[in-house]
Amino acid sequence: MRLRELRKNEIDLLPDFLYEAIFIPEGVDPPAREIIELPELKIYYEDFGTGKADYCIVADDNGKVIGAVWTRIMNDYGHVDDDTPSFAISLYKEYRGQGIGTQMMKEMIALLREKGYARASLAVQKANYAVRMYKAVGFETVDENDEEYIMVCEL
């Protein structure tokens, strides 16, 4: 497995990874796949590559993309200001829990730091096991609502 930048011909993978990123609590049925067509979710992938903070790193396992972490400056759930890229990350289920997500997060944090960003943000459901990973790579909770933490990583 190696980490690399997303290729232009792979941008169509982002909707799939966005769907994979949806946290499904234990005992809850997953939403219909069409949910990723909602305007509040389309902003994560629509016209990706055209924004100044549109970066994506993928995990490649012998030519198969198995995970992706990407950032954009967008008015999403984790939006803190118009200068801070928001994170999205997901891995196919069979690759979770192996440290790949942590590696991808660290790689993206390093890239954003190199590009001169001061911080990055994300939103995560409180029940999501990924909260621990986000804290481990440097994200801290700056706000919350009933269901989610808004987290920021100072770069």
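How many bridges join strand β1 to β2? The count is 4, and the two strands run antiparallel. The model discussed here is predicted.

**Strands β1, β2 and β3**

Strand β1 covers residues 2-5. Its residue R2 stands opposite D60 in β2. On β2 there is a further pairing, with β3, again in the antiparallel sense, over 7 bridges. Within that pairing Y55 stands opposite T71 in β3. The strands β2 and β3 make a hairpin with 2 residues between them, and N62 in this hairpin takes a positive phi near 55°. Of the 7 residues of β2, 6 are buried, so this strand is largely enclosed by the rest of the structure.

**Helix α1**

The buried residues are L14, P15, F17, L18, Y19 and E20. They pack against α2 (39-42), β2 (55-61), β3 (64-72) and β4 (86-91).

**The largest nonpolar core**

In soluble globular proteins, nonpolar side chains tend to be buried together. The largest nonpolar core in this model holds 47 residues, of which W70, F87, M105, Y134 and F139 touch the most other members. At least two residues of this core are supplied by each of α1, β2, β3, β4, α3 (100-114), β5 (119-125), α4 (130-136) and β7 (148-154). The largest share, 7 residues, comes from α3.

Which residues does Y134 contact beyond its neighbours within four places in sequence? They are I89, M105, L122, V124, F139 and M151. Two of these, M105 and F139, are also listed with Y134 among the core residues that touch the most other members.

**Strands β6 and β7**

Strand β6 comprises residues 140-144 and pairs with β7 in the antiparallel sense over 4 bridges. The two strands form a hairpin with 3 residues between them. T141 has M151 in β7 as its bridge partner, and M151 is also a contact of Y134.

**Cysteines and T84**

A search of the whole structure finds 0 disulfides. For C56 the nearest cysteine sulfur is that of C153, 18 Å away, and C56 is in no disulfide. C153 is likewise in no disulfide, its nearest cysteine sulfur being that of C56. A disulfide would need the two sulfur atoms within 2.5 Å.

T84 lies in the loop between β3 and β4. The side chain of T84 makes a polar contact of 2.7 Å with the side chain of D81. Residues up to four places away in sequence apart, T84 touches R72, I73, R119, A120 and S121.

Note on methods
Residues numbered from 1 in each chain as written. Predicted model: local features only at pLDDT ≥ 70, side-chain atom pairs only at ≥ 80, totals over all residues. Heavy atoms only, no water. Buried < 20%, exposed > 50% of the residue type's maximum accessible area, 1.4 Å probe, protein only. Contact = heavy atoms within 4.5 Å. Core = buried A, V, L, I, M, F, W, Y, C linked by side-chain atoms within 4.5 Å. Pairing = 2+ DSSP bridges. Polar contact = N/O pair within 3.5 Å; in protein donor to acceptor, adjacent residues only side chain to side chain.
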